[in-house]
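Work through the exercises below with the sequence and the model side by side. Try each task before reading its solution.

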Amino acid sequence: MEHPAIWAAQLTRPLTEKEQAIGLDALPPLRRARLPRNRTLWREPLCAYALLRLALSGQLTALPELAHSHNGKPYFPAMPSVQFSLSHTDGGVVVAIWDRPVGVDIERLRPLPPLTARRLGDVDATAFWTDWVRREAAVKRRDAGLAALAHGEAGEGILLDLFPGYAAAVSTGGTADAAERQEALPDTTGTGHAWVKYAEG
């Protein structure tokens, strides 16, 4: 693929019990074991993997066995040709799929945490989160671990125009330009959420 395929969803309401049960049943066991105890925090990770399944539905009927690198990046050991990256924040998820390493990140635009604001001083929150997603997308592509965020190269990630109130970016390592098109998808999931296919190789 010339470009990574990027899928995103804006989550506009809580999941129903039925949707949550379906999401849990389809979630790879290794990822299910990493869910937080607080079930109110399950919506985004469940929808991220639902989006991954949707994006791969033309190739797979179910997600293969999942593993994590030493830095926590998920991958399919039996399918090295399918490279992917997932990210979720309050109300938004995004997935990038490619045939080579790729990283993606999304953040809801919000005030900076008090400690960060005190440390950085007079920094615009939108500019901070925009820079953050570009750095984190690059770190995730390299599987370098979150400790490398402080050393990420500004501007390495390609910004994505997904939903109002969010910043998102994909990192391709300079081997592809920004995605070429964006299209709304019909609500085939029955969730009522806004599903967007941003690009396809």
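Predicted model: local features only at pLDDT ≥ 70, side-chain atom pairs only at ≥ 80, totals over all residues.

Residues are numbered from 1 along each chain as its sequence is written, and side-chain values use heavy atoms, with hydrogens and water left out.

**Exercise 1. State the order of the strands in the open sheet and find which stand at the edges.**

Step 1. Helices (H or I, at least four residues) and strands (E, at least two) are DSSP runs, numbered from the N terminus. Two strands pair if DSSP finds at least two bridges between them.

Step 2. The open sheet has 3 strands in the order S6-S8-S7, with antiparallel pairing.

Step 3. S6 (103-108) and S7 (158-160) are the edge strands; each has a single partner strand, so one side of each lacks a neighbour in the sheet.

Step 4. S6 is joined to S8 (residues 166-171) by 6 bridges. Val-104 has Val-170 in S8 as its bridge partner.

**Exercise 2. Describe helix H5, from its start to the residue that follows it.**

Step 1. At the start of H5, a side-chain oxygen of Asp-124 comes to within 3.2 Å of the backbone nitrogen of Thr-126.

Step 2. H5 has 18 residues and spans 26 Å from first to last C-alpha, close to the 26 Å expected at 1.5 Å a residue. The expected span is 1.5 Å times one less than the number of residues.

Step 3. H5 (residues 125-142) lies across S6, S7 and S8, at about 150° to S6. Such angles run from 0 to 180 degrees between N-to-C directions, with axes fitted to C-alpha atoms, for helices over the stretch in contact (heavy atoms within 4.5 Å).

Step 4. Buried residues (under 20% relative accessible area, 1.4 Å probe, protein chains only) of H5 include Phe-128, Trp-129 and Val-133. Their cover includes S4, S6, H4 (114-120), S7 and S8.

Step 5. Asp-143 follows H5 and has a positive phi, near 55°.

**Exercise 3. Find which residues have the most contacts inside the largest nonpolar core.**

Step 1. A nonpolar core is a set of buried Ala, Val, Leu, Ile, Met, Phe, Trp, Tyr and Cys residues joined through side-chain atoms within 4.5 Å.

Step 2. The largest such core has 27 residues, and Leu-52, Leu-56, Phe-76 and Ile-97 have the most contacts inside it.

Step 3. H3 gives the largest share of this core, 7 residues.

Step 4. Apart from this core lies another, of 15 residues, among them Ala-96, Val-104, Ile-158 and Leu-162.

Note on methods. Buried < 20%, exposed > 50% of the residue type's maximum accessible area, 1.4 Å probe, protein only. Polar contact = N/O pair within 3.5 Å; in protein donor to acceptor, adjacent residues only side chain to side chain.
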